[in-house]
Every structure is written in C-alpha cells, then in structure tokens.
Amino acid sequence: MKLIFGIVAAALATCQGPSPGESYAVCSQGVVEPQDRVRACDRWVDAQQEGSRGYAAALLWRAHAKESAGDIAGALADYDATLEIWPESGSGLLGRGRLLLETGNFAAAEQTLHRAIEVNDSVIARDMLGAHALLRGDFQEAHDYYDAVLEREGDDPMDVVGLYGRGAARLRMGDEAGRADIERAEELSPTVRQHFEERGIRS
C-alpha cells in the first residue's frame, strides 16, 4: 500500500510541474536555452502575487530572458510593467534604456537613462549616454558624461570606461590630451578598447 501511495504522490508531483523555486533557478540562468528560460520565467511570474515586489522581480528576469530570446517587444513590455510596480529598479531602468537606444527611440531612452542616474547615480547609464553622444557627434556632451564617471568618489572599475570615453571625446574635439586618457585606460584594462569598438566607437 505504501508503494502505491508513493507512486501516486510521484505522479501528482510530475503533473504539478516544476516548483516556483525550480522555475526561478532556470529563469535566472543565462546558460539555459532562451525559450526554456522564458517558459520558466512565465511559471515564476504566475507564482507571484500580482503587484508585489516579488512579481516585479519575476517580470524583470523575464524581460532579460525575452531579450536573450530576441523578443524585444516582449522584453520592453516586461521592463515597463516592472517599472510601474518598482520605479527605482536600476536593472529595469537600464534594460529599458538600452533597448530603447537599440531600437532608435532615443528621446525615451535618454529620459529613462537620466532617471537611472537620478535614482541610482548609475555609471552604466552615463556610459550608455556617453557612447550614444559620441556616435551622434555630440562630443562635448559625451565628454561631460564620461567626466562625471571619473568625478565619483572612490575607486571604481568603471573608471577605465570614463577615461577611455573622455579620451575619445577629447580627440574628436581636437584635444590631444585624449591620447593620455586612452593610454591610461588601456594600461588599467586591456579589454576597454573592445568595450567601445563593439559599439562602433574607434580611437
């Protein structure tokens, strides 16, 4: 009899599908197949109380998963839903700002990334805005974004990005002091040039 009960319990567990914890584990892993990750995130979202912080966190992870799967519209919708519940979410603001930049919605992207700076003093947002300014030829604005990265107190791994970005802006404005910024950045990080070249910025 105990054996029968055990078989029935195992069958019921199989029918119920993965637990919320198991769904979270798959949803939050970038190494999982994108569509499998999205499905796990769907289950995790469904397991949360709608409107709660946990629901917002699940939406945020699903936005990341949808972005990885190439569903840009779906990712943006989830970033928007996250920010409705959790307006100060740094990851939500950065994700939304990045996708808006990539899809050419520059005014909304700038507004979102400025909000990330206002709320979280985000260095990553300054880097995104600085790179965008370099690409559109607004070199003084780019200089100011990257200079602001360097003005932050304490050592920060992003200082190399600030140095390189400021150097690129200076060179484009005819200021040869930019070479020293770029050389110093490359001394500190051999991959910083790649960080900029991947976005079409060469110096």
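Contact here means heavy atoms within 4.5 Å. The legends below describe close-up views of a predicted model.

**Figure 1. Asp78 and the residues it touches.** Leaving aside residues up to four places away in sequence, Asp78 touches Leu59, Arg62, Ala63 and Lys66. Asp78 itself belongs to helix 5, which covers residues 72-85. Is Asp78 buried or exposed? Its relative accessible area is 5%, and because buried means under 20% relative accessible area, Asp78 is classed as buried.

**Figure 2. The protein chain and its helices.** The protein chain contains 12 helices and zero strands. Read from the N terminus on, its elements follow the order α-α-α-α-α-α-α-α-α-α-α-α. How much of the protein chain is made up of buried residues? Of its 203 residues, 38% are buried. Among the contacts in the protein chain with a separation of 6 or more, 42% are between residues 24 or more positions apart.

**Figure 3. The disulfide between Cys27 and Cys41.** A disulfide is a covalent bond between the sulfur atoms of two cysteines. The structure has one disulfide. Which residues does the disulfide join? Cys27 is linked to Cys41, with an S to S distance of 1.9 Å. The angle about the S-S bond is 95°, and the link of Cys27 and Cys41 is right-handed. Cys27 is part of helix 2 (residues 20-27) while Cys41 is part of helix 3, so the pair ties together parts that lie 14 residues apart in sequence. Both Cys27 and Cys41 are buried.

**Figure 4. The salt bridge of Asp36 and Arg39 in helix 3.** In total, the structure holds 22 salt bridges. One of them is formed by the side chains of Asp36 and Arg39, with an N to O distance of 2.5 Å. Where do Asp36 and Arg39 lie relative to each other in helix 3? Helix 3 spans residues 34-46, and because Asp36 and Arg39 are three residues apart within it, about one helical turn separates them. Asp36 has a relative accessible area of 37% and is partly exposed. Arg39 is also partly exposed, at 44% relative accessibility.

**Figure 5. The salt bridge of Arg166 and Asp147.** The closest N and O atoms of Arg166 and Asp147 are 2.9 Å apart, and the two residues form a salt bridge. This pair links distant parts of the chain, since Arg166 lies in helix 10 (residues 159-172) and Asp147 in helix 9 (residues 139-150), 19 residues apart. Arg166 counts as buried, with a relative accessibility of 14%.

Figure 6. The side chains of Glu187 and Arg184 form a salt bridge at 3.2 Å, N to O. Glu187 is exposed, with 60% relative accessibility, whereas Arg184 is partly exposed at 41%. Both residues belong to helix 11 (residues 177-188), where they are three residues apart, about one turn of the helix.

**Figure 7. The packing of helix 8 and helix 9.** Two packed helices are described by the angle between their axes and the distance between the axes. For helix 8 (residues 123-136) and helix 9, the axes come within 8 Å and cross at roughly 160°. That angle makes helix 8 roughly antiparallel to helix 9. The crossing of helix 8 and helix 9 is left-handed. Residues of helix 8 that meet helix 9 include Val123, Leu129, Gly130, Ala133 and Leu134.

**Figure 8. The packing of helix 6 and helix 7.** At what angle do helix 6 and helix 7 pack? Helix 6 (residues 90-102) and helix 7 (residues 106-120) pack at about 155°, and their axes are 8 Å apart. Helix 6 and helix 7 are therefore roughly antiparallel to each other. Their crossing is left-handed. The residues of helix 6 that make the contact include Gly90, Leu93, Leu94, Gly97 and Leu101. From helix 7, the contact residues include Phe106, Ala109, Thr112, Leu113 and Ala116.

Terms used:
Residues numbered from 1 in each chain as written. Predicted model: local features only at pLDDT ≥ 70, side-chain atom pairs only at ≥ 80, totals over all residues. Heavy atoms only, no water. Salt bridge = Lys/Arg side-chain N within 4 Å of Asp/Glu carboxyl O. Helix = DSSP H or I, 4+ residues; strand = E, 2+ residues; numbered from the N terminus. Buried < 20%, exposed > 50% of the residue type's maximum accessible area, 1.4 Å probe, protein only. Disulfide = S-S within 2.5 Å. Axes fitted to C-alpha atoms, helices over the stretch in contact; angles between N-to-C directions. Parallel < 35°, antiparallel > 145°, perpendicular 65-115°, else oblique. Left-handed = near helix turned anticlockwise from the far one by under 90°.
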